[in-house]
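Hi everyone, thanks for coming.

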Amino acid sequence: MAPPPAPPQKSPSPSQPSGKSEVSDLKLQLRQLAGSRAPGADDSKRDLFKRVISYMTVGIDVSAAFSEMVMCSATSDIVLKKMCYLYVGNYARCHPDLALLTINFLQKDCHDEDPMIRGLALRSLCSLRVPNLVEYLVAPLGAGLKDGSSYVRMVAAVGVLKLYHISAATCLDSDFPAVLKSLMLTDPDAQVVANCLFVLQEIWNLEANKSEEASRERETLLSKKIVYYILNRIKEFNEWAQCLVLELVAKYIPSDTDDIFDIMNLLEDRLQHANGAVVLATIKVFLHLTMSMTDVHQQVYERIKAPLLTLVGSGSSEQSYAVLSHLHLLVMRAPMLFSSDYKHFYCQFSDPSYVKKLKLEMLTAIANESNTYEIVTELCEYAGNVDVPIARESIRAVGKIALQQYDVNAIVDRLLQFLEMEKDYVTAETLVLVKDLLRKYPQWSHDCIAVVGNISSKNVQEPKAKAALIWMLGEYSQDMPDAPYILESLIENWDEENAAEVRLHLLTAAMKCFFKRPPETQKALGAALAAGLADSHQDVHDRALFYYRLLQYDVSVAERVVNPPKQAVSVFADTQSSEIKDRIFDEFNSLSVVYQKPSYMFTDKEHREPFEFSEEIGNLSLGQEPVGNSPRYDESDKDLLLSTSEREENGGPSTNGPAASGYSAPTDYNSSLVSLSSQTQSETAISDPGMPKYTSQMTLAIDDLLGLSVSAAPAPPSLKLNPKAALDPGTFQRKWGQLAVSISQDCSVSPQGIAALTTPQALIRHMQANSIQCIASGGQSPNFKFFFFAQKLDGPPLFFLVECIVNTSSAKAQVKIKADDATASEAFFGLFQSALSKFGVL
Amino acid sequence: MISQFFVLSQRGDNIVFRDYRGEVPKGSAEIFFRKVKFWKEDEEEEAPPVFNVDGVNYIHVKVAGLFFVATTRVNISPSLVLELLQRIARVIKDYLGVLNEDSLRKNFVLVYELLDEVIDFGYPQTTSTEVLKSYIFNEPIEVDVARLPPLGPASMFMQGTKRMPGTAVTKSVVSTEPGGRKREEIFVDIIEKISVTFSSSGYILTSEIDGTIQMKSYLTGNPEIRLALNEDLSIGRGSASVYDYRSSSGGAVILDDCNFHESVRLDSFDVDRTLTLIPPDGEFAVMNYRMTQEFKPPFRVNALIEEAGQLKAEVIIKVRADFSASVTANTITIQMPVPTHTARWFCSFTSLVHFSLLCFLQVSFELESGAVGQTADFKEGAKRLEWCLKKAGFSSISFSFYCFFTFFVQIFNILLSISGSSWKNVLQIVGGSEHTLRAKLTFSQESHGRNIAREAGPVNMNFTIPMYNASKFQKGHDGKQSGTLNAIGQGWWVIDDLDRGSRSLAHLFRETRSRGERERERERNKNRRTPVRNGEEKET
């Protein structure tokens, strides 16, 4: 585990020996015991094994004793066996040659009579993580999957995933995924089903980037058949498996509203579960299902409020933190809905500061006319809190509420009271806030300035607060008799001022003061400019020089530049874009919510869920199956919108045929288990020959599209789009700024398109299916705005960027395209147009 | 999915370390510990339970002073991992009887055995103590409970222990009694966290109860248990009227919301408010509930802080127990932060109750902060004090330093234990009694009169009230109960030698107003905040 010899600074204590002598001593003792059949041998072996494991835990390398450990492992004592398995699993990877020694006894144990030993041995065998031993895994795994004991099957299912991670090819060649799939649909043991499900999910997610078949397999996991089958068994699963299932269901795209309500009714009681993870996973399902139904979506918010608040109150503070983070997200999305629950977000004495911080933000967000007074009163209590960061945070919260324009009058009074508390950090925070307030409500300047003028600048040390104070001194110097003199004394101490921010403000303030009260300030300004010119900080120096030259040029111009009449700021910029917020909301019940960042900001590529891609595929398949094969299945709106040509092109007639015909009411699945399994087998049988056909159809479809739409343009026929194009918003923005518009055109939108555009998501999903990714979208009916991008499949990574504005009331769409390679933009426009036309736009 | 799981001691040693997927580079435990120990991001001094370092997500909970940590690289559900970690801690506790560093170190092989079954390749498999029993072969090595420092009030202040674990039963689920026969026992516990905020005039600003019905089962053979709650119990009220106290004048208990353990069946819940369940082995929460209905707080606390000269102030805290004298509250601690410049204090404690031990106590104590030598003395003197002193900030040389009144109570403790009394008695408050604590504070800096009140407080109070009312309780369930009920420990119940045919555990619920009528109740963690304000400082 850790570097072989323990670091020398570690003091040798009885529990943590560091030298090699202990290890060799252990080796010796183990060797003596290896062949012993004496009565007490197992007990002394246990002691020795324990010591080995404890060294391993603290990070001492005991791999030297590998062969001795293996020799001792020939035992019937299960405790010893387990310790040995643990040891072997830990060191096999670093010692592949020694690992070979273990294969023999592990394989033997795989055939043991006791299912427990079979399971344990199989688990350890798969955990060796040694690539060249893969050949020994296949047979025991195959047997394990068919084992009579559910424990062994459970272990074997996970074993398949372990094998996949060691050698993906071996795993797929042995056709294990197909076995898992049938096991998933037939096994009586819920944990086996759950294990099969997540193993398949992980394998197909990883494989989807490589093969068409895998991505199709992945989409079948999201098919109605499987989702309903699993949902009907949800009560059999333990709570952890339930979370997993619900995670899958959240990705499922319902076919119609009945579908949505069926699922929601089925899952309703999950909201009363004591396990917060289950409740949050259920909420995610609810929120995602109702995305397109505004009124139901709002009802969901009302419904989930009580369970979430209960979860916050029960459990440890860590658990309530996770729940509270999600509540925070919901509050930020719909503060109005929570405005009457503000008392739940009051901080409690024993809350840890990370919880308090969230609560403060929520209180700020939900403040409105009716509750501002109570909330601000509560927040003011926190200002004297012994926990200084929280005290600061609560003062900031008061300020933010003031900036939201509720009950400003009383709040300004409170803020000014804070200044009288004469605590450094309170004063500092309040000064920053008063500055912001004055920028927004200049009418309060009189009251504020009277109080601020009394503050001794010596008590203000924090750069931000000092800068704020200096700004106010400059801005309101006409109202503060002492202003020039305070500035003068500050300028005298120029050299002691470390923060460049403060020095910059000092320069500006001196200028402003000079314009208002020239005789008193002239000397100070001179000193400030001289000090600024000599300043080592580049910005300070430049600003001083600029002011100096400006004054030299013309004083009245300088005044117009430095101190023009100001307009009150109406809205302060929101730090997080709505795009990012939506992204986080899409990733509900994940770490993104806790970090308040979308996943691409904190996970590396290979561990990212390929979610865009999965949705695109899922959507496509959902569109085609019912249309082609299942007449008794209600066609969703979206299906109706697909043009006939797409039905012909994409409704792959046979690929999913048998499975699709199995659709029926959700309750049928349990009873028709047997028939389902046979269908699955036939399906897998068909899928292989079906594959090349499928791909050829895909390319054909694209070629066809080109021919259809770009009749006039001499399109390079080779333009294909990368279905997995990725671009982060920052790069998109930069590119958008750099590139020139290559095509700009207005189109008309068909009535069907308008009908489908109740939410932006509909179009986004559709475009994703055509390898055009959406990076940002927004707007309310009738105006929607989308930014798309696409990437050329072959050759250098060339991007196409699109801005598309759709007005549903006037039935017009405006498209602007920018491209890295302008010559290809015509061809891309053709693709884009045809994609739009299939949606009904144009 | 979870990549690694490990348990670290308070000093950062690996007690258990299991790598499930091999995705996270070595040294993650060290990275984690350093990050938590020296957390300095976002102005906060306390690391949040979830954070990310170089693409690795570290998710942890603190249980019994130990860090239970999981690492992962994927964007997993934080709630899932946190619940799982908490559950693992509880499963371990079920098996070891006691969960602390000592017991973990002694039983780490058993813990590895558990971890092997609980998580496979990063996916949670099962956390049911009962299911796990068939896979676990190690015998727990029991830790001598008597030698442990008592779980006194100090443990309540440890961060993250919002809910103190049941302390009375420290028996492993797999252990057998010395006689070889297993005792058929089930322990039911109601733990409530009461939060009440009083204004300076004594008016209740907010009140909320977060409660849990906790069970710890040692029953064999999976008997079905029925748990009858108050029949007039109702659940859910319009969110608009949550704080409308007028509507709650009737006797009914109205819960705002509740949730249940997965083993609970609610078939007859709507009819007669009965929960049916087959209790799984070990400790679990049957039901969590939350109510904002008005109730009479069991204690009244008045706190006053007055300036007494340039560098001095006096704090007076009065506690009145508003419940009947037949009931006694245990393990009471009251804490209140005092101004940061407090250099020394001198306190006295008066209780106006005629009770053998608490007739009239006047103890005084003086201590200088920053005097490192003295701190060390205290550490030697009593283990419990050590923690308190740490919390109180003695170890730091700066003057940012809060004194907790717990500390005072603990000092009485020590003094009294010298004179031969046990500390439990000292910390008791009998119903109807009133206690006053006066503390004289001396500041090292000149104080600004009006700020003292703002800097001090809020007052926080923790207590436990076990109610010994077994006879009345039994009457409540119509002779259906054939076993005997003994109250043991702190409000835990034992049902001994139950007739197998009709096991039912009936009428066990709280009723806020007529407390102690037919139910026993245990309350803990009262959390009361009294914004200490002087008269002239009232809201403008």
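This is a predicted model: local features need pLDDT of at least 70, side-chain atom pairs count only at pLDDT 80 or more; totals for chains, interfaces and linings use all residues.

Let's start with chain A. It has 842 residues, and 58% of them count as buried. In terms of elements, chain A has 42 helices and five strands.

Now let's zoom in on one helix. Please find helix 26 of chain A, residues 483-492. Seven of its ten residues are buried, so this helix is largely enclosed by the rest of the structure. The buried residues are Ala483(A), Pro484(A), Ile486(A), Leu487(A), Glu488(A), Leu490(A) and Ile491(A). Notice that a glutamate, Glu488(A), is on that list. What covers the buried residues of helix 26 of chain A? The cover includes helix 25 (463-475), helix 27 (500-516) and helix 28 (518-533) of chain A.

Next, a single leucine. Leu363(A) belongs to helix 19 of chain A, which spans residues 353-366. Its relative accessible area is 0%, so Leu363(A) is buried. Which residues does Leu363(A) contact, once we leave aside its neighbours within four places in sequence? They are Tyr342(A), Phe345(A), Tyr346(A), Ile375(A), Leu379(A) and Ile401(A).

Our next stop is an aspartate. Asp187(A) sits in the loop between helix 10 (176-186) and helix 11 (190-207) of chain A. Is Asp187(A) buried or exposed? The cut-off for buried is under 20% relative accessible area. Asp187(A) has 3% relative accessibility, so it counts as buried. Its side chain has polar partners, too. The side chains of Asp187(A) and Arg153(A) are joined by a polar contact of 2.5 Å. A polar atom of the Asp187(A) side chain also lies 2.8 Å from the backbone nitrogen of Asp189(A). Not counting residues up to four places away in sequence, Asp187(A) touches Arg153(A), Val192(A), Val193(A), Tyr229(A) and Arg233(A).

Let's move on to the strands of chain A. As a quick reminder, strands of a sheet pair through backbone hydrogen bonds, either parallel or antiparallel. Strand 5 of chain A, residues 812-819, runs antiparallel to strand 1, residues 741-748, and seven bridges join the two. In that pairing, Gln745(A) stands opposite Val815(A). Strand 5 of chain A is also joined to strand 4, residues 799-807, by eight bridges, again antiparallel. Here Val806(A) is opposite Ala813(A). Strands 4 and 5 of chain A form a hairpin with four residues between them, and in the turn Ala811(A) has a positive phi of about 55°.

Chain B has a hairpin for us as well. Its strand 3 (residues 50-53) and strand 4 (residues 56-63) run antiparallel and are joined by four bridges. Asn52(B) stands opposite Asn57(B). Two residues lie between the strands of this hairpin, and Asp54(B) takes a positive phi near 50°.

Further along chain B, three strands form an open sheet in the order 10-15-14, with antiparallel pairing. Strand 10 (225-228) and strand 14 (264-265) of chain B stand at the edges with a single partner strand each, so one side of each is left without a neighbour in the sheet. Strand 14 of chain B is joined to strand 15, residues 274-277, by two bridges, and Val264(B) stands opposite Leu277(B).

Finally, let's see how the chains meet. The contact takes 98 residues from chain A and 100 residues from chain B. About 8900 Å² is buried between them, with carbon and sulfur atoms giving 52% of that area. Seven salt bridges are found across the interface of chain A and chain B. One of them you can look up is between the side chains of Glu117(B) and Arg123(A), at 3.3 Å from N to O. On the side of chain A that touches chain B, the largest share comes from helix 17 (residues 294-313) of chain A, with eight residues. That side of chain A divides into 43 nonpolar, 33 polar and 22 charged residues.

How values were computed: Residues are numbered from 1 along each chain as its sequence is written. Chains are lettered from A and ligands numbered from 1 in the order in which they are written. Side-chain values use heavy atoms; hydrogens and water are left out. Two strands pair if DSSP finds at least two bridges between them. Contact means heavy atoms within 4.5 Å. Buried area is the accessible area (1.4 Å probe) that two parts lose on being put together, summed over both. A salt bridge is a side-chain nitrogen of Lys or Arg within 4 Å of a carboxyl oxygen of Asp or Glu. Ala, Val, Leu, Ile, Met, Phe, Trp, Tyr, Cys and Pro count as nonpolar, Asp, Glu, Lys and Arg as charged, and the others, Gly among them, as polar. Buried means under 20% relative accessible area, exposed over 50%, partly exposed in between (1.4 Å probe, protein chains only). A polar contact is a pair of N or O atoms within 3.5 Å; within protein, one must be able to donate a hydrogen and the other to accept it, and residues adjacent in sequence count only if both atoms are side-chain atoms.
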